[in-house]
Amino acid sequence: PRLAKAALSLAALLTISACAAVGPDPTALPKTGLQGSFAEGGAASLGTVGANAFWSGYQDRTLSRLIAEGLGTSLDITTANERIRAAEADLRATAPLAAQVSGQPASASRVRTGADGRPTGYASTADLSAGFVLDLFGGARRARQGAQAAQASAEAQAQVTRLAWLVEVIGAYVDARFHQQALALTRDTIAARQRTLGVTRDMQALGLATDYDIAQTEALLQTARADLPAYEARFNAQVFRLSTLLNQQAAPLMGRMQQGSAALRIPPGPGAGVPADLLRNRPDVQAAQADLAQALAAVGVATADMLPSLSLTGTVSDTGGANSWGFGPRLSLPVANQGLLQAARARRLSEARQADLAWRSQVAAAVEDVQRGQSNLRRYRQRVEALDQAAVAFDRAYDLARTNFEAGALPLVDLLDADRQRAAARLQAASARNDAAKEWAALQIATGAGAAVTRIAE
């Protein structure tokens, strides 16, 4: 008990430390001078959007299920989560006060004191020594702040990984559905051209069409048939890409995707908020901010290394019931290696300035992403509307051309021309819708939506 009391007394003395952290404050970030609104946006804030599962706006159950599954199986996301665990371990290895304690456990030994040489009792001995470095200038505090910033950076980078994964998954899924739609449109075109070929052969039997007409019609039919393998290969490639992204076997996934689905809708919105929203919603901006805090903390550590350090050492002993303890200070002055320490601090200052510039650059890039996304989505919607109308007009023109051709009032060459224009217009409209659907997701991700979603209900 007396030994324990002495040890506790020594520990209490060792916790007394006056800490005044030197170097720049890692929690104080410079201002960015962001504009009040985006170039084509309003002045209303979005608030926090990281938890928004925006892809539900597509109203595609298969896509939502695949994302829900992939959030738990993706190798990229799992790797990013492991980096967080590593950063957490590094943080646990730091402490606000740098202390090293070493001790020797109590031991008992026989003592021979009798005249006959027999042991008559036991004597116990125990020793405990401790060394403690006082964090006079906050070097240990800055080191811990740096570890906390590293953990925050790892967490933000995991969200960056998640958003990059979402971009690829949604892009591959939307492209796969487009190629399925292209296959359906091409098969419809093939059926229409087979009908034209049949009518042309009937007309040839009546002497109203030539071998040249038959050859033209057959060539156009075979051209459409040749497009099928290309669209099938592109569809398969996107499914294989999804298989890798989701870390799932390709064959079952192929079966699910081949069941088909309607073309993805282009949801309304989204609002983009204001540039200031990006500071809290964009994980890449948050990661750059954490990297800056870590670099600033490193400056504090390097500054503290240049200053004197004070340590306390002490011992506690108990021998045969008599105990004693004591401690004393030790002052270290880094004089001989000041040149090296100053050079190290200068390097840390430069790295902090670089981190500051990288953070500002990341903020500017985030603003650019949103403004480009807004511009693209607005104009892609306009393109979809125009091409949809063009496709409807070409459908009507083709129907009129076929009716007139079958009535003998229009030459075959005009029907074939209307056929080509109709097929091209339908594919163009589908492609434009595909581009707009992906751009809608790109704008959502540019605002940081979905970054904090780790699991969703299917």
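1. A residue counts as exposed when its relative accessible area is over 50%, and as partly exposed between that value and the buried limit of under 20%. The model is predicted.

2. Start with the pairing of helix H4 (residues 139-205) and helix H8 (residues 283-305). Their axes come within 8 Å and cross at roughly 165°. An angle over 145 degrees counts as roughly antiparallel, so H4 is roughly antiparallel to H8. The crossing of H4 past H8 is left-handed. The contact of H4 with H8 involves 14 nonpolar, 9 polar and 3 charged residues.

3. Next, the largest nonpolar core. This core has 53 residues. Phe54, Tyr58, Ile67, Trp165 and Met257 touch the most other members. Several helices give two or more residues each: H2 (61-73), H4, H5 (211-246), H6 (250-258), H8, H9 (338-406) and H10. H4 supplies the largest share, 9 residues. As background, nonpolar side chains in soluble globular proteins tend to be buried together.

4. How far apart are the end C-alpha atoms of helix H10 (residues 412-446)? They are 51 Å apart. The helix has 35 residues, and at 1.5 Å a residue it should span 51 Å, so the two values agree. After H10 comes Gly448, with a positive phi near 95°.

5. Now the backbone exceptions. Most residues other than glycine have a negative phi, and most peptide bonds are trans. Gln59 is not a glycine, yet its phi is positive, about 55°. Gln59 sits in the loop between helix H1 (2-14) and H2. Is Gln59 buried or exposed? Its relative accessible area is 61%, so Gln59 is exposed.

6. Asn247 is another residue other than glycine with a positive phi, here near 60°. Its place is the loop between H5 and H6. Relative accessibility is 41% for Asn247, so this residue counts as partly exposed.

7. Finally, check the peptide bond from Gly269 to Pro270. This bond is cis, with omega near 0°. Pro270 lies in the loop between H6 and helix H7 (278-281).

Key:
Residues are numbered from 1 along each chain as its sequence is written. This is a predicted model: local features need pLDDT of at least 70, side-chain atom pairs count only at pLDDT 80 or more; totals for chains, interfaces and linings use all residues. Side-chain values use heavy atoms; hydrogens and water are left out. Axes are lines fitted to C-alpha atoms, for helices over the stretch in contact, and angles run from 0 to 180 degrees between N-to-C directions. Helices (H or I, at least four residues) and strands (E, at least two) are DSSP runs, numbered from the N terminus. Angles under 35 degrees count as roughly parallel, over 145 as roughly antiparallel, 65 to 115 as roughly perpendicular and the rest as oblique. A crossing is left-handed if the near helix is turned anticlockwise from the far one by less than a right angle, and right-handed if clockwise. Ala, Val, Leu, Ile, Met, Phe, Trp, Tyr, Cys and Pro count as nonpolar, Asp, Glu, Lys and Arg as charged, and the others, Gly among them, as polar. The expected span of a helix is 1.5 Å times one less than its number of residues. A nonpolar core is a set of buried Ala, Val, Leu, Ile, Met, Phe, Trp, Tyr and Cys residues joined through side-chain atoms within 4.5 Å. Buried means under 20% relative accessible area, exposed over 50%, partly exposed in between (1.4 Å probe, protein chains only).
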